[in-house]
Amino acid sequence: MKNLAAELKVPLIDVRSYIKSSGDLDRLISDDGIHLTSEGYQQMSLAIFSDLRKHMEEDMLGAAIKQ
């Protein structure tokens, strides 16, 4: 995914790494080992929000510099 995002020049939100570093995985990943728990989904939404905000700020800064 990282290579494809770089090739297409699109931002990539690395939710997996964020969740792995967010605490006890037993609380974040359900018993099936695939799906997130409600706390895991909350952490995923925080990661997405944080990265989207960062990308939007970078875009706005770039637009301001061009003017």
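Reply: Helices here are DSSP runs of H or I with at least four residues, and strands are runs of E with at least two, numbered from the N terminus. The model to which this is applied is a predicted one.

Me: How many helices and strands are there in the chain?

Reply: Read from the N terminus on, the elements follow the order α-α-α-α. The count for the chain is therefore zero strands and, by the DSSP runs of H or I, four helices.

Me: What percentage of the 67 residues in the chain is buried?

Reply: The accessible surface of the chain comes to about 5,600 Å², with 58% of that belonging to carbon and sulfur atoms. Counting as buried those residues under 20% relative accessible area, the share among the 67 residues is 15%.

Me: Is H55 buried or exposed?

Reply: H55 lies in helix α4, which covers residues 38-66. Its relative accessible area is 18%, and because buried means under 20%, H55 is classed as buried.

Me: Which residues does H55 touch, leaving out those up to four places away in sequence?

Reply: A contact requires heavy atoms within 4.5 Å. With residues up to four places away in sequence not counted, the residues that H55 touches are P11 and L12.

Methods
Residues numbered from 1 in each chain as written. Predicted model: local features only at pLDDT ≥ 70, side-chain atom pairs only at ≥ 80, totals over all residues. Heavy atoms only, no water. Buried < 20%, exposed > 50% of the residue type's maximum accessible area, 1.4 Å probe, protein only. Areas by Shrake-Rupley, 256 points an atom, 1.4 Å probe, with all protein chains shown as cover.
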